[in-house]
Amino acid sequence: MSEQDKRASQDESVELEQMLAAERDRKRRVRKELFSWIRTFAIAVAAALLVRTFVFTPALVNGPSMQDTLHTGQMMAVLKASYWFRGPARGEVVFCHYPGWEEDCVKRVIGLPGERLRIEDSVVYIDDQPLDEPYLTRPETADFPEVTIEQGCYFVMGDHRARSTDSRVVGALEEKQIQGHCLAIMWPVGEWKVIR
């Protein structure tokens, strides 16, 4: 083999090594980029699951008990974190779970822990004072005997009193059964509003 052939062979070897090194480098960059995308996607999914589980969730209205404030088929934004540092306030619309029921419910907080509550002639009385309820369009309901709400519990009712199964039937709810504060209607878009 001549000197020129040896040099050509070495040049081909060097060129082949450079091509192989470039190919390995390209594959390494592709793997690194792919891993970066997978990691970003995994973090996004984990963050979304954490937010939905612990902070914010959508909820569907089902049934007439909150008419005319809410209607079947509306999708609400529920802030679960609302009650991390305080209890529910009177008048707030809440997403809650009755013991032994499969479905969650949407109701309004009416009575607070330690208060006395009764209903006479469709008027709710809290500690013998009539409760102002400007959100009601259908206040008609049967009388309800006076009860004292236990500490750590809340008396909830639907805005359509005649069509609501609520604390008048199942009793006051423990705070842990109130899962979040219903903030706004998100769907349908034309019905978007803050829930009051």
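**Notebook: salt bridges, sheet and cores**

I began with Arg 116, which is partly exposed at 28% relative accessibility. The model I consulted is a predicted one.

I looked up the partner of Arg 116 and found a salt bridge between its side chain and that of Glu 146 (3.4 Å, N to O). Arg 116 belongs to strand β5 and Glu 146 to strand β8, 30 residues apart, so the pair links distant parts of the chain. Glu 146 is itself partly exposed, at 42%.

I then noted that Glu 146 also meets Arg 118 in a salt bridge (3.9 Å, N to O). Arg 118 counts as buried, with 15% relative accessibility. I recorded a network of salt bridges that links Arg 116, Arg 118, Glu 120, Asp 127, Asp 128 and Glu 146.

Next I checked Glu 115, whose side chain forms a salt bridge with Arg 90 (2.6 Å, N to O). Glu 115 sits in the loop between β4 and β5 and Arg 90 in the loop between β2 and β3, so the pair ties together parts 25 residues apart in sequence. Glu 115 is buried at 12%, whereas Arg 90 is partly exposed at 31%.

I turned to the sheet: it is open, has 4 strands in the order β7-β6-β5-β8, and pairs antiparallel. β7 and β8 stand at the edges with a single partner strand each, so one side of each lacks a neighbour in the sheet.

Last, I examined the largest nonpolar core, of 13 residues; Ile 110, Leu 117, Val 124, Leu 131, Phe 155 and Met 157 touch the most other members. β5, β6 and β9 each supply at least two of its residues, and β9 gives the most, with 3.

Notes. Residues are numbered from 1 along each chain as its sequence is written. This is a predicted model: local features need pLDDT of at least 70, side-chain atom pairs count only at pLDDT 80 or more; totals for chains, interfaces and linings use all residues. Side-chain values use heavy atoms; hydrogens and water are left out. A nonpolar core is a set of buried Ala, Val, Leu, Ile, Met, Phe, Trp, Tyr and Cys residues joined through side-chain atoms within 4.5 Å. Buried means under 20% relative accessible area, exposed over 50%, partly exposed in between (1.4 Å probe, protein chains only). Two strands pair if DSSP finds at least two bridges between them. A salt bridge is a side-chain nitrogen of Lys or Arg within 4 Å of a carboxyl oxygen of Asp or Glu.
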